[in-house]
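I set out to record what could be looked up in this structure. The entries below follow the order in which I consulted it.

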Amino acid sequence: MPGFELFGELERQEVNDVLDNGVLMRYGFDGMRNGHWKAKALEAELQNTLQSKYVQLVSSGTAAVSVALASAGVGAGDEVIMPTFTFVASFEAIMLLGAIPVLVDIDDTLGLDPKAVEEAITPKTKAVMVVQMCGSMANMSALQDICHTHNLLLVEDACQAIGGTYQGKPLGSIGDLGCFSFDFVKTITSGEGGAVVTNNKSYYLNADHYSDHGHDHVGNDRGAESHPFLGYNFRISELHAAVGLAQIKRLPEFINIQKRHYTILREALSVIPEVTFRTVPQGGEESYAFLNFFLPNLEIATKVSERFKANGVDGCFHYYNNNWHYIRKWEHLKDLKSLFPISTEVKEGLKYLADKAFNKSDYYIARNISCLIKLSWSEDEVKARAKKMVETIKSCL
Ligand SMILES: *Cc1c(COP(=O)(O)O)cnc(C)c1O
């Protein structure tokens, strides 16, 4: 997945444009820029790549999720349904707004289980946030139907899924709002950065203003702009956007490499009857950022994960034992450790976390191994890796 593996001259050229004119800020300073607007140019590239009318760059993927929700009016006391398997950022971004994350089970797609979503809806539910983990997707048409029926926002965290599609549409462009991250380990990196994408003009304008102190960006004199509402600073810098601009142009090349490497590994593992693969919903095409597979039980998955490490098969995760991506080990969040007081409403709203069982999520995550697909491998390296993976798995059965 990481775009940083293939980093070079293109990125350097774009950054040099910014250094040569000295304007590191994405807004204003028109006279000094010599025509260089890297953030604007990256937004235009992303509109095209993501087939979406509007794109607002922000400072991170976490910021993108907060800005997306805020732009659609999600705030204090609202409930946002999200999956148990994600990155802690999903939880953090909801909490930042004083809203309440309502975690529900995943299914064999490793994304939100539509049935669990439906069961979790209350009068306080404002949005469903689907997380397209590890380059693939949840059952989007079922989730769209639910959101439509209950008049809920559908927000897509597609931070790990740029380049994947569902029924011909780019992941991240299907919900009311989509969120992307360009942090250092994502498929496309700008160092740090993120994007909110939408086809809704008012959400977009809200995101544009909210992520820059409420500036309305009308006219070119920042001092004279008006401020329709409260905002914060979630801006991306021109330096970061310049790196992203070079990287986004290489997305098709990155996806092709990922697909080639993924296919070699998957075909090799397919000969083992005990290995099964994550379900990709009909009409879905992964970004091939990860290969996800299931083993018969927790014991075998634990053994495979340990032996992979011992045998030098790096970049494979057993998320059951990981404290970043799965609810089981989020002790600091279950215990609500916060530097500052949290509202009584949010505390009450999160009480369920202390003892709610997520049996269905456990069933999938306990048996799942998720292997990062690297861009920098040679074909021989992938083949050698495939052989080693098959031998290791067989030795654990
Ligand atoms: C990386 C990631 C984020 C957060 O992105 P940052 O740019 O690191 O803040 C959010 N959600 C998911 C699923 C991610 O993988």
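What percentage of the 397 residues of the chain count as buried? I found that 57% do, where buried means under 20% relative accessible area, exposed over 50%, and partly exposed in between (1.4 Å probe, protein chains only).

Basis of the entries. I worked from a predicted model, in which local features need pLDDT of at least 70, side-chain atom pairs count only at pLDDT 80 or more, and totals for chains, interfaces and linings use all residues. Residues are numbered from 1 along each chain as its sequence is written, and side-chain values use heavy atoms, with hydrogens and water left out.

Entry 1, the whole chain. I looked up the radius of gyration, which is taken over C-alpha atoms. The chain has 21 Å, which agrees with the value near 21 Å for a compact globule with 397 residues; the globule rule is 2.2 Å times the number of residues to the power 0.38. Along the principal axes, the C-alpha atoms fill a box of roughly 70 × 50 × 40 Å. The chain exposes about 16500 Å², of which carbon and sulfur atoms supply 52%; the areas come from the Shrake-Rupley method with a 1.4 Å probe, and for residues only the protein chains shown count as cover. I then turned to contacts (heavy atoms within 4.5 Å). Among those between residues at least 6 apart in sequence, 69% join residues at least 24 apart.

Entry 2, the sheet. The secondary structure comes to 14 helices and 14 strands; helices (H or I, at least four residues) and strands (E, at least two) are DSSP runs, numbered from the N terminus. Seven strands form an open sheet of mixed pairing, in the order S1-S9-S8-S5-S4-S2-S3; two strands pair if DSSP finds at least two bridges between them. Strands S1 (54-58) and S3 (100-104) stand at the edges with a single partner strand each, so one side of each is left without a neighbour in the sheet. From one strand to the next, the twist averages 25°.

Axes are lines fitted to C-alpha atoms, for helices over the stretch in contact, and angles run from 0 to 180 degrees between N-to-C directions. Helix H7 (residues 201-210) lies across S1, S5, S8 (177-181) and S9 (194-198), at about 20° to S1.

Strand S2 (residues 79-83) runs parallel to S4 (residues 125-131), joined by three bridges, and valine 80 stands opposite alanine 127 in S4. Five bridges join S2 to S3, also parallel.

Among the buried residues are Glu238, Val243 and Gln247. Their cover includes helix H1 (9-21), helix H2 (38-49), S1 and H9.

I located proline 273 in the loop between helix H9 (251-269) and strand S10 (276-277). Proline 273 is exposed, with a relative accessible area of 69%.
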